[in-house]
Amino acid sequence: MSAEKIISEWKKGQFKPVYWLEGDEPYFIDQVVNYAEHHILNESEAGFNLTVFYGRDADWASIVNACRRYPMFAERQVVLLKEAQQMRDVEKLEAYIDNPQPTTIFVVSYKEKKVDARTKFAKALKQKGEMLTTKKMYDNQLPDWVNQMVQRHQLGITQKALLLLVDHIGNDLSRLQNEVEKIAVNLNGRKEITEEDIETFVGISKEFNVFELQDAVVKKDLPKAIRIIKYFEANPKAAPIQMILPALYNFFSKVFMVFALPSKDERSVAAGLGVNPFFAKDYLTASRNYDFRGTEKVLLLLHAYNLRSIGIDDAGTSDADLLKELLVKMMMN
């Protein structure tokens, strides 16, 4: 069951006695926990019927005792166990989960881990409660996810602004949400987020960023690429080399895959690479500008310069000089 589905059922007054929230993506876990803490009970009910434990400090007996209590002046009580992955003997909750109190809503946040599905504990969770297992969102899913979030604010966003935001922040969903909400507050009645808004409120240069550098590399526009590198040199926090090299390697790895695809139209390439259709033309352009052997050479160069960037086979060349040297060799095919 998804976080959205769980919260939707809660809004309808449909509750199960146990909710186990696990996995690699904390954003959805935090959504459910936050709703349980602040919205299931009203303010007067929460004073008597909301109990919060933290895994590092909690013991299983105290949690079970809290869950076994009856609610006071309310139909139900809520017991939250946050950071359960830090709790010792968490499996000892199995006896309670196997026979939960029907007037208690027990919500467990178990981040960055999953219970072993083969254990009795996991089987009890599946039989008696509701499990939410989260995983990190793939990069190609981020633009659509952010776009949907923007639409929930009854706003639009330009394609370039969307790509700037996603490319700079990556799959930190909580930060993406925070940035969109911050921009929305500052639009002063406008209904579309532009790249100028990203530059002003998020602090990402619309001209000097990894996305624009990649665009210059794809088009073999060396002067533009060097200008961007010089900006990065003057503003080291804008795009460190440890961000640039993996981004380029990921991009050219997908370009390499293009040569194996049976069809080279944009829709087929997007489907074959598992990317947003908007990006397909960039991969096709790169495949034409670099060809098969050129792309293979680029990947080898990126690997070699990644090693040099961490001091292997390099006597201390600056990051900017490494990037300039790399880009010249990449584009001189």
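Predicted model: local features only at pLDDT ≥ 70, side-chain atom pairs only at ≥ 80, totals over all residues.
Residues are numbered from 1 along each chain as its sequence is written, and side-chain values use heavy atoms, with hydrogens and water left out.

Let's begin with the pockets. A pocket here is an open set of points on a 1 Å grid over the protein atoms alone, with protein on both sides within 12 Å along at least five of seven lines; a lining residue has an atom within 4 Å of a point. Volume means the space filled by probe spheres set on the points, and grid points are joined across faces, edges and corners.

The largest pocket comes out at about 590 Å³. It has 24 lining residues, and if you want to find its centre, look for D139, N140, D167, N250 and Y283, which lie nearest. Two or more lining residues come from each of α7 (142–152), α8, α11 and α13 (241–258). By class we get 14 nonpolar, seven polar and three charged. For the record, nonpolar is Ala, Val, Leu, Ile, Met, Phe, Trp, Tyr, Cys and Pro, charged is Asp, Glu, Lys and Arg, and the others, Gly among them, are polar.

The second largest pocket holds about 490 Å³. Of its 17 lining residues, Y27, F28, Q31, W145 and R152 are the closest to the centre. Here α1 (3–11), α2, α7 and α9 (173–185) each supply at least two residues. The classes split into seven nonpolar, six polar and four charged.

Now the cavity, meaning a set of grid points where a 1.4 Å probe fits but cannot get out. The lining includes L164, D167, H168 and F211. Helix α8 (159–169) supplies three lining residues, the largest share. You'll remember D167 from the largest pocket; D167 lines this cavity too.

On to salt bridges: a side-chain nitrogen of Lys or Arg within 4 Å of a carboxyl oxygen of Asp or Glu. The whole structure has 19. Take E37 and K82, with their closest N and O atoms 2.8 Å apart. That pair is 45 residues apart in the chain, linking helix α2 (residues 26–38) to strand β3 (residues 77–82). So are these two buried or exposed? E37 is partly exposed at 21% relative accessibility, whereas K82 is buried at 16%. The scale is under 20% for buried, over 50% for exposed and partly exposed in between, with a 1.4 Å probe and protein chains only.

Next, K160 pairs with E212 at 3.2 Å between the closest N and O atoms. This one ties helix α8 to helix α11, 52 residues apart. K160 is partly exposed at 30%, and E212 is buried at 9%. Both belong to a salt-bridge network that also has D215, K219 and K224.

Last one: E196 and K206 meet at 2.8 Å, N to O. They sit 10 residues apart, E196 in helix α10 (residues 195–202) and K206 in the loop between α10 and α11.

Notes
Helix = DSSP H or I, 4+ residues; strand = E, 2+ residues; numbered from the N terminus.
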